[in-house]
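Biologist: I'm new to this one. Can you put it up and walk me through it?

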Amino acid sequence: MAPNTVAAAPPASLEETGAGLTVVFYRCILVRSRFRDERTGSFIESLASDPRGFLSLYNAAHMATPGEQALDEAISFSRRHLASMKGRLPSPLEEQVSRALDIPLARLPKRLETMHYVVEYGKEEGHDAVLLELARLDFDLLRFLHLRELKDLSLWWKDLCGNVKLNYEYSRARMLFAKTFGLLSLMDDTYDVYATLEECHILNDAIQRWDETTASILPEYMKMFYINLVRNFQEFEHSLQPNEKYRVSYAKQAFKLSSKYYLDEAKWCSEKYAPSFKEHMEVSVMSSGFPTLAVVLLMGAGDMATREAFQWAIGVPDVVTASGEVARFLNDIASYKKGKNKKDLASSVECYAKEHGTSGEEAVTAIAGMAEHAWRTINRSCMEMDSALLPAAQLVVNLTKTLEVIYLGGRDAYTFAADLKDLVVSLFLNGPTV
């Protein structure tokens, strides 16, 4: 089959369900048939005349699992040719290639790609005007819902920070997730920046007890945070249906686990302990927040949030561990490039460089390779897991995709949020514009 018959993106089922058979079938067609010379097994250089085919190959190859050398070669081969074509391609293919070279389609949050494609589809000859109008209306309806959620979250955050001194299924899930994420960030900052080691021990003890009366043992500046933490989780429970209230106990358990790992890091920092790379990863992947957030993602979700899904998430399966690795590695690469604060624990980059006797830049390259391997583990895990758990796993994968945007090009938009200003304005205020 000719390469130019390949679509520019993987089929929807690949992105939306992660079904193993679909992934395997699509990859086999791409790598073994359409793009390889049957005699030599090498990729066909004459494909340079088919940029859409290259884009398909490049995007699909990023569904690779660990050890798939053929797909490693496909990524390298297609990336080299796509990079050489930049600046010479017609619109919108030029923009699609540029985005893919930044973040492959399989790792890009769907909402961002939708925003771009709604505009690009309108430029295609023979596009369906009615379908395009419906797509724009659908995008705007969800955008308006997001704006209402952002308003409510802004008011909640303003009220929370003022105290601390420091209707739709998915809407409910997003709101509960965003609030818990904010509380987790405040706890992280307390351990990292404000508390002494003795105060860290006291805070962890209080969080393990999880009782508002325990606030009396805390330093004054911690009391309002702790009281708001306990009360917000009570509100979360009240917002759930009677048969869903058990979910909050899983979220509490995950939150308590994060506290323990934050305490471990505080001990290392206070004692100036230099962990081995292995020790560092055992703690820092857990303190990345992903093992907690994987559970929190399910708290407000619909029917997919079964007891089995919560048991899967709280057990920190491979998908969650690998997502935590992506979070840790991308964050540490950005921190290395930006420069760390005095109280910051040694990063995975620094631990690797010290243990292997490499330069910082060599360590960054090695850590970036580990982040890539973690994505392969995510792909493999989604292909091999029980299909009943795939919807829960997809929530985790979707969250992991946002990391590629936050840390794009080594930036740290989690710490320096202004880097995302234009993107936020486009998503929530302007929407798709021609």
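Modeller: The largest nonpolar core has 83 residues. Phe233 and Trp312 have the most contacts inside that core. This is a predicted model, where local features need pLDDT of at least 70, side-chain atom pairs count only at pLDDT 80 or more, and totals for chains, interfaces and linings use all residues. Residues are numbered from 1 along each chain as its sequence is written, and side-chain values use heavy atoms, with hydrogens and water left out.

Biologist: What is a nonpolar core here?

Modeller: A set of buried Ala, Val, Leu, Ile, Met, Phe, Trp, Tyr and Cys residues joined through side-chain atoms within 4.5 Å. Buried means under 20% relative accessible area, exposed means over 50%, and partly exposed is in between (1.4 Å probe, protein chains only).

Biologist: Which helix gives the largest share of this core?

Modeller: Helix 15, residues 318-338, with nine residues. Helices are DSSP runs of H or I, at least four residues long, numbered from the N terminus.

Biologist: And what does Phe233 touch?

Modeller: Leaving out residues up to four places away in sequence, Phe233 touches Thr180, Leu183, Trp210, Val248, Ala251, Lys252 and Phe255. Contact means heavy atoms within 4.5 Å.

Biologist: Trp210 is on that list. Where is Trp210 found?

Modeller: In the loop between helix 9 (197-209) and helix 10 (220-239). Phi of Trp210 is near 50 degrees, a positive value in a residue other than glycine.

Biologist: Is Trp210 buried or exposed, and why?

Modeller: Trp210 counts as buried because its relative accessibility is 11%.

Biologist: What about phi of Lys272?

Modeller: Positive too, near 55 degrees, and again in a residue other than glycine. Lys272 is in the loop between helix 11 (247-271) and helix 12 (277-287). Its relative accessible area is 74%, so Lys272 is exposed.

Biologist: New topic. Which residues does a cis peptide bond join?

Modeller: Ser91 and Pro92, with omega at about 10 degrees. Pro92 is in the loop between helix 4 (69-85) and helix 5 (93-102).

Biologist: How accessible are Cys269 and Cys351?

Modeller: Cys269 has 25% relative accessibility, so it counts as partly exposed. Cys351 is buried, with a relative accessible area of 7%.

Key:
Helices (H or I, at least four residues) and strands (E, at least two) are DSSP runs, numbered from the N terminus.
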